[in-house]
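Please look over the protein below and pick out its strands and helices. A short tour of some of them follows.

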Amino acid sequence: MVKNTEVKLSAVAGDLKRSPSDALVIGVGQGTDGPVLLSNPLTAKAAEALADSLSVLGITGAADQAHRLPGLAEAGAKVLVLAGVGKVCGSQPLTEEALRRAAGSAVRQLAGVSTVALALPTSSLGEVAAVAEGAALGAYSFTEYRSSQDGLKDPVKNVVIVTDFAADKALKPVLDRAALIGKAVNATRTLVNQPPSHLYPESFAEAAKELSKGLPVKVTVWDEKRLDKEGFGGILGVGKGSTRQPRLVKVEYSPARATAKIALVGKGITFDTGGISLKPHLGMGDMKSDMAGAAVVLNSVLAIAGLGLPVKATAWLCIAENMPSGAAQRPADVLTMFGGKTVEVLNTDAEGRLVMADGIVAASQEFPDAIIDVATLTGAQLIALGDRTAGVMGSDSVTAPIKAAADRAGELVWPMPLPEELRPSLDSQVADLANIGERHGGMMTAAVFLREFVGKGKDGEQIPWAHIDIAGPSFNNGSPYGYNHKQGTGCTVRTLVAYVEDILAKTA
């Protein structure tokens with residue numbers, strides 16, 4: 001499980017004939033007066049002839065366009081690929097995200113080709129990093145359950161970035177980071193793409209151990225007996241209806257000279273039928289992705305460890321399968337959560353917040369500097385922000401840096417409020433609170449519920465906390481776009497790693 005082919009990233013400058021490739025990718029933008037050929041390593045004569053032919057060839061420069069032409073001898077490539085980068089404005093440089101998406105889109109569409117040279121314009125190491133990262137994200141496929149590989153194309157194995165920074169000594173760590181980020185995101189995608197017949201609480205816990213091998217992390221697993229003994233009522237309550245027993249997995253990276261301490265809590269519902277409050281059958285198969293939050297926090301910590309960042313980072317994977325059966329929890333049941341609070345279950349399909357509450361309490365007991373939870377928590381997130389933008393809510397001291405990190409990483413995250421008038425709607429007649437409240441603004445109501453379980457730090461104040469709802473952007477049901485393939489996207493791994501890097505930059 002979770003076996004990905006990793007792309008090899010390298011760089012070259014100068015004569016392309018010395019570094020032959022199967023395909024050379026050159027960028028084309030959408031200018032105000034038509035398509036614009038971006039700066040490239042071709043001779044002036046060849047570039048001019050090509051630029052004059054763009055409109056005739058039907059090339060517009062729109063994002064995700066990839067037109068293949070016969071290769072040029074001077075390019076050292078069998079095929080010339082003109083990749084759209086989207087709208088361009090005069091001499092203004094492309095954003096790093098535009099480069100990331102263009103590189104990812106080209107590499108994704110060139111599956112079946114072994115070696116690709118990317119000659120997109122790069123004027124800084126940051127732009128080279130974006131191209132490399134996009135390439136690593138584009139070079140992905142999920143075919144492990146195919147009985148035959150006939151007709152399937154392997155992802156690109158080698159990517160050569162054509163850049164003037166090829167000889168820069170600072171380039172190697174840039175490429176190494178891009179490869180590691182790509183590996184983490186792709187491992188997250190592969191976990192999300194697993195069928196529920198193969199990924200269930202116990203196998204998810206084993207996958208966490210497998211992915212952690214070779215890294216300086218400690219993995220601890222709570223089975224159903226330990227969960228019961230220690231009082232993890234939320235995780236146990238949700239998992240009661242399944243023959244596959246729940247798990248809590250702690251993945252801890254604790255370097256000797258850590259300058260900060262963060263906890264990441266992830267929702268790991270390996271399949272969500274809704275329980276007794278059964279979901280409609282239409283689209284239920286997508287509920288294999290309801291464990292995306294746990295996959296994200298797992299691979300974020302592993303990436304942080306792989307980069308050797310001096311911060312203590314702990315992932316809490318709250319894993320259960322939500323099934324209806326004679327043993328399942330019922331609407332009107334009361335659960336005693338880890339830490340002692342009681343919750344009346346009014347809707348068994350609001351199960352993610354129950355497992356997350358246990359994880360947040362457990363994380364709080366270690367007094368981290370911040371807690372960030374990630375979950376495919378509510379359908380209301382899609383109503384509010386659509387399929388591609390995650391919502392972030394919580395303490396301003398955490399949500400603002402997360403938004404800044406997401407912007408830097410090229411991911412779509414938008415801050416949402418936590419209106420105080422939502423809290424009374426969670427009042428219960430028989431328990432400390434109910435697991436559902438105000439329907440309107442349901443994404444925020446769910447976050448208000450989670451906030452009730454965030455503990456106090458050693459200073460007596462509530463631990464800084466943020467909740468990221470990735471219900472929409474974690475799973476792509478539409479056509480592939482940019483560096484994103486169908487199904488699992490691995491969203492917010494890049495944001496969380498960037499968040500930690502930003503913390504360290506501020507304390508340096």
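In the hairpin of β12 and β13, 5 residues lie between the strands, and Gly-339 takes a positive phi near 105°. This is a predicted model: local features need pLDDT of at least 70, side-chain atom pairs count only at pLDDT 80 or more, and totals for chains, interfaces and linings use all residues. Residues are numbered from 1 along each chain as its sequence is written, and side-chain values use heavy atoms, with hydrogens and water left out.

Helices (H or I, at least four residues) and strands (E, at least two) are DSSP runs, numbered from the N terminus. Two strands pair if DSSP finds at least two bridges between them. Strand β12 (residues 333-336) and strand β13 (residues 342-345) are antiparallel and share 4 bridges. Val-334 stands opposite Glu-344 in β13. Which residues of β12 are on its covered face? They are Asp-333 and Leu-335, while Val-334 and Thr-336 form the uncovered face. In a regular strand the side chains alternate between the two faces of the sheet.

Now take β4 and β5. Strand β4 (residues 66-70) runs antiparallel to strand β5 (residues 77-87), and 5 bridges join them. Pro-70 stands opposite Val-79 in β5. This hairpin has 6 residues between the strands, and Gly-76 takes a positive phi near 65°.

Buried means under 20% relative accessible area, exposed over 50%, and partly exposed in between (1.4 Å probe, protein chains only). In helix α1 (residues 44-53), Ala-46, Ala-47 and Leu-50 are buried. Why do they share a side of α1? They cover an arc of only 95° around the axis, so they are on the same side of α1. That arc is taken from the directions from the helix axis to the C-beta atoms. An α-helix has 3.6 residues a turn, so residues three or four places apart point the same way. On the other side of α1, Ala-44, Lys-45, Glu-48 and Asp-52 are exposed. The cover over the buried residues of α1 includes β3 (34-37), β4 and β5.

**An open sheet**

8 strands form an open sheet with mixed pairing, in the order β8-β9-β11-β10-β14-β18-β15-β16. Its edge strands, β8 (217-222) and β16 (413-415), each pair on one side only. β8 and strand β9 (residues 247-253) are antiparallel, joined by 6 bridges. Val-221 has Val-249 in β9 as its bridge partner. Helix α5 (residues 201-212) lies across β8, β9, β10 (261-272) and β11 (312-322), and runs at about 155° to β11. Axes are lines fitted to C-alpha atoms, for helices over the stretch in contact, and angles run from 0 to 180 degrees between N-to-C directions.

Contact means heavy atoms within 4.5 Å.

| Pair | Axis distance | Angle |
|---|---|---|
| α2 (residues 96-109) and α3 (residues 125-138) | within 7 Å | roughly 35° |
| α9 (residues 352-364) and α12 (residues 442-451) | 9 Å | about 35° |

Arg-353, Leu-354, Met-356, Ala-357 and Ile-360 of α9 make the contact with Ala-446, Phe-449 and Leu-450 of α12. By class, this contact of α9 with α12 has 7 nonpolar, no polar and 1 charged residues. Ala, Val, Leu, Ile, Met, Phe, Trp, Tyr, Cys and Pro count as nonpolar, Asp, Glu, Lys and Arg as charged, and the others, Gly among them, as polar.
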